[in-house]
2 protein chains.
Amino acid sequence: MKTTELLGEVAPDLARLERYMADYLENPEPVLKDASLHPLQAGGKRLRPALVFLAAKFHRYELEKLMPVAAGVEFMHMATLVHDDVIDQASTRRGWPTVNSRWGNKVSVLVGDHLFATAVDIIAKSSSNETIRLLAKCINEVVRGEIQQTNAAWRLDLTQDQYIERIGLKTASFFGACCHVGARISGAPDELSHQLERFGFEVGVAFQMMDDVLDINGETRDTGKPVGGDIQSGVLTLPVIYALRHSADRDHLAGLINSRAFNNGQLQDALEVVRKSGGVDYTLDLASQYVDQAKARLRDLPDHPAKETLNNIADFMANRPV
Amino acid sequence: MKTTELLGEVAPDLARLERYMADYLENPEPVLKDASLHPLQAGGKRLRPALVFLAAKFHRYELEKLMPVAAGVEFMHMATLVHDDVIDQASTRRGWPTVNSRWGNKVSVLVGDHLFATAVDIIAKSSSNETIRLLAKCINEVVRGEIQQTNAAWRLDLTQDQYIERIGLKTASFFGACCHVGARISGAPDELSHQLERFGFEVGVAFQMMDDVLDINGETRDTGKPVGGDIQSGVLTLPVIYALRHSADRDHLAGLINSRAFNNGQLQDALEVVRKSGGVDYTLDLASQYVDQAKARLRDLPDHPAKETLNNIADFMANRPV
């Protein structure tokens, strides 16, 4: 399923969003303009803005209020990606050169700050302080998740619960917040906003699990990221945690991870142990459970075509090829 | 003059601010808490919060409204410093180890993001969207100033006007905004808020010029930063720009800068040319003119002891030892 198909009725507003975001990055400093537009031009599914739009469909859908927030959450997301790529010294993302590989770390750190400040400015332009605080707190959760990930690097005793807490913080909370603010802006009642927030959170957990699975068995040409990048940098995800408990070759895998450096042969070796362990299927099963939970949240929502679209997004999370 | 003396009547509220900020950085993740508290514990003059407080003294001074904003501007300032130190690979600031030297670049980038998001959260808690937007725009100006500085590195044709534009963006706008938001929160009329904003801006220009002079003729033990750090990294400040135009040894200086790398002897050589050129006195003179302009802004303010304190702060800018 193509993204425009998947996102159904909000696809036209997402198309408008591209223009709106680009206009907002106009800047008298050419380097700042070019380097900020770069991650926007790299594309992306715009899932977070889509969730803002879709969550607002069940009450008053006012595009002029929603557009700045949809742009704001995407700018915030872009800011975290640009800073991530500095931290990870990544040279490509989605098959595109990263900002740091084109303009260096200095400009990248500044571009991330610029995108974040622009997000705050644009959101404050049209929204209540509640929306701003909710999203600022979300950024703090993303940071907290990243710090947990750093602390847990190479730790063979990492548990599934710790993994789920981490991906909740670094990915799922933000998805939840996008749904939450969309619903609030539309004037939805508290209970509905809460259900949509939970939907976003659960869908976000499944999204991150799928991302982690793709790092084990995806193809670089599909994901735009080198396969095995997580394990190579010590980030142990659920398929690996599972393999470290249940694989017949778990001691071999632990030994490879303990060495803290992989040549290509060793990396393929480690990935093979994980693939054979059943850890991928286990993770996909768990992701499906989160998707089912998320879909159940939609049951009591008012009847509206957006319900079907949200349903399709949830399904997509556990089945996406990229 | 000691800082507490200088800051007069707002010294007690600044003391309360220290506690308030530390409490706000409580965090379940120990690394995030420690690394965020670290730049706070490094101290600092808290000039920006002091300006927020002082600018509010001429109308309704409501500490419970001002405190979150005073904390917010200092967190924002700290965020830019932490990211600066990553960019510059600095190992000390104010004589303290930097966050990056203690926890590495990854944690530092995240801590900067965390401080910025915390600032936004805390400001949105108590203030209008206007305040948030004003400060977010300011962060964008700081970024723009930093980008200009990067683009102008090692450029012998840098002009005084370009230098003044740059320090306006990277330092003075923020000082101006602190005065502006303090005045607005107190309910001051537009004209008064505007005069105070200009005061802050002009004082900020003088502050940065003084900072740049100290990098030429300060003592490392006073400033906590290695002397000559600017010129060594290609950042040409007004004393250097002056020397490149007016020194008898300007060709020698240009040659040293053109080599783009200094050993210690060459650095001392370059600093000596700048010191002898009269560039330091020229810069101090210009800073004094900005201070005088700033002080003239205070004339029409209502009579209040805060006026004297602001006057003293302006004087301090052009005479501070550190």
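A:Ala172 is a buried residue: 25 other C-beta atoms lie within 10 Å. The cut-off for calling a residue buried is 20 or more such atoms, so A:Ala172, with 25, qualifies. Please keep in mind throughout that this is a predicted model.

Where does A:Ala172 lie? It belongs to helix H8 of chain A. If we set aside its neighbours within four places in sequence, A:Ala172 is in contact with A:Ile167, A:Phe201, A:Gly204, A:Val205 and A:Gln208.

Let us turn to another element of the fold. Helix H12 of chain A, residues 238-246, is mostly covered, with seven of its nine residues buried. Which residues of H12(A) are buried? They are A:Leu238, A:Pro239, A:Val240, A:Ile241, A:Tyr242, A:Ala243 and A:Leu244. These residues pack against several helices of chain A, among them helix H8 (160-185), the helix that holds A:Ala172. The other helices they pack against are H9 (190-217), H11 (229-232), H13 (250-258), H14 (264-276) and H15 (279-297).

I shall now consider chain A as a whole. Chain A contains 16 helices and two strands. Its radius of gyration is 20 Å, close to the 20 Å that the globule rule gives for 322 residues, so chain A is as compact as a globular protein of that length. Along its principal axes, the C-alpha trace spans about 55 × 50 × 30 Å. Of the 322 residues, 51% count as buried. Among the contacts in chain A with a separation of 6 or more, 74% come from residues 24 or more positions apart.

Next, the two chains together.

Finally, the nonpolar core. The largest one has 203 residues. Those with the most contacts inside this core are A:Val52, A:Leu135, A:Ala206 and A:Met317, together with B:Val52, B:Leu135 and B:Ala206. To take one of them, B:Ala206 touches B:Ala287, B:Tyr290, B:Val291, B:Met317 and B:Ala318, not counting residues up to four places away in sequence.

Terms used: Residues numbered from 1 in each chain as written. Chains lettered and ligands numbered in written order. Predicted model: local features only at pLDDT ≥ 70, side-chain atom pairs only at ≥ 80, totals over all residues. Core = buried A, V, L, I, M, F, W, Y, C linked by C-beta atoms within 7 Å. Buried ≥ 20, exposed ≤ 12 C-beta atoms within 10 Å, placed from the backbone. Contact = placed C-beta atoms within 7 Å. Helix = DSSP H or I, 4+ residues; strand = E, 2+ residues; numbered from the N terminus. Rg over C-alpha atoms; globule rule 2.2 N^0.38 Å.
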